[in-house]
Amino acid sequence: MKLKNILMGLMLAASTVAVADNYAYLTIDQNNEESSISLNEISRITFDSNNMIIHMANGNKAELPLASLSKMFFTEKDITGIFAAKNGESQVKLVGGTICVNAPVGAIVTLYNMGGQTVKTVTASSPETQINLSGLTKGVYIVRVGKQSKKVMNK
């Protein structure tokens with residue numbers, strides 16, 4: 001009987017690990033906007049009394065106010081697309097080598113290169129967040145805020 005229970009426990013543990021391996025993104029619903037972060041980019045997640053703190057593998061961290069979070073879950077695929085901003089959505093513009101993003105305070109703003117690799121991740125600390133592109137190679141980048149993504153060209 002003990003051997004049967006041990007084998008069932010091992011099979012359950014193995015199947016749980018196999019299912020967990022399918023997840024590639026942490027999806028967060030913040031202020032009714034969902035955003036995804038690749039699990040490869042996250043080193044750990046901690047909490048303090050007011051914030052969820054996502055520690056990124058590149059050394060950056062994003063502090064999200066717990067009051068703005070309604071749910072978080074794991075997904076297999078990223079939930080994003082490239083489109084022009086509409087009224088009420090985050091605005092992204094490039095001004096003289098600096099990306100200016102109008103987004104809610106606490107929103108995660110991620111800059112990707114065309115290979116899909118994260119170049120920079122910042123947390124919006126004011127209604128207009130700026131990302132300086134100096135030091136980055138010339139080319140096309142993707143800026144993502146929540147479900148919204150926009151292409152920008154660093155000339």
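In this predicted model, threonine 121 belongs to strand S11, which covers residues 118-123. Threonine 121 counts as buried because its relative accessible area is 6%, and the limit for that word is under 20%. Once residues up to four places away in sequence are set aside, threonine 121 touches Met56, Asn60, Ile108, Val109 and Thr110.

**The chain as a whole**

- The chain contains 1 helix and 14 strands, and buried residues account for 34% of its 155 residues.
- If we take the contacts between residues at least 6 apart in sequence, 50% of them join residues that are at least 24 apart.

**The nonpolar cores**

- The largest nonpolar core is made of 15 residues, and the ones with the most contacts inside it are Ile99, Val101, Leu111 and Val143.
- Two or more residues of this core come from each of strand S9 (98-102), strand S10 (108-113) and strand S13 (139-145), and S13 gives the most, with 3 residues.
- Another core lies apart from this one and has 11 residues, including Ile37, Met52, Ile54 and Ala62.
- Valine 101, one of the residues with the most contacts inside the largest core, is in contact with Gln91, Val92, Val109, Pro127, Glu128, Thr129, Val143 and Val145, when its neighbours within four places in sequence are left aside.

**Strand S13 and its partners**

- Strand S13 is mostly covered, since 5 of its 7 residues are buried.
- S10 and S13 run antiparallel and are joined by 5 bridges; within this pairing, leucine 111 has valine 143 of S13 as its bridge partner.
- S13 also pairs in the antiparallel sense with strand S14 (residues 148-154), over 7 bridges, and here the bridge partner of glycine 139 is asparagine 154 in S14.
- A hairpin is formed by S13 and S14, with 2 residues between them, and in the turn glycine 146 has a positive phi of about 60°.

**Cavities**

- Rolling a probe the size of a water molecule over the atoms is a way to show where empty space is left.
- How many cavities of 30 Å³ or more does a search of the whole structure find? The search finds 2 of them, and the largest cavity has a volume of about 80 Å³.
- The lining of the largest cavity consists of Gln30, Asn31, Glu33, Ser35, Pro104, Ala107, Ile108, Val145 and Gly146; of these, Gly146 is also the glycine in the turn of the hairpin described above, while Ile108 is also touched by threonine 121.

**Tyrosine 23**

- Tyrosine 23 is placed in the loop between helix H1 (2-20) and strand S1 (25-30).
- Is tyrosine 23 buried or partly exposed? Tyrosine 23 is partly exposed because its relative accessible area is 34%, a value in the range between the limits of 20% and 50%.
- Along the chain, tyrosine 23 and phenylalanine 74 are 51 residues apart, but their C-alpha atoms are separated by 6.0 Å.
- With its neighbours within four places in sequence left aside, tyrosine 23 is in contact with Leu39, Phe74, Thr75 and Glu76.

Key
Residues numbered from 1 in each chain as written. Predicted model: local features only at pLDDT ≥ 70, side-chain atom pairs only at ≥ 80, totals over all residues. Heavy atoms only, no water. Helix = DSSP H or I, 4+ residues; strand = E, 2+ residues; numbered from the N terminus. Buried < 20%, exposed > 50% of the residue type's maximum accessible area, 1.4 Å probe, protein only. Contact = heavy atoms within 4.5 Å. Core = buried A, V, L, I, M, F, W, Y, C linked by side-chain atoms within 4.5 Å. Pairing = 2+ DSSP bridges. 1 Å grid on protein atoms, 1.4 Å probe; cavity = no way out; pocket = protein on both sides within 12 Å on 5 of 7 lines; lining within 4 Å. Points joined across faces, edges and corners; volume = space filled by probe spheres on them.
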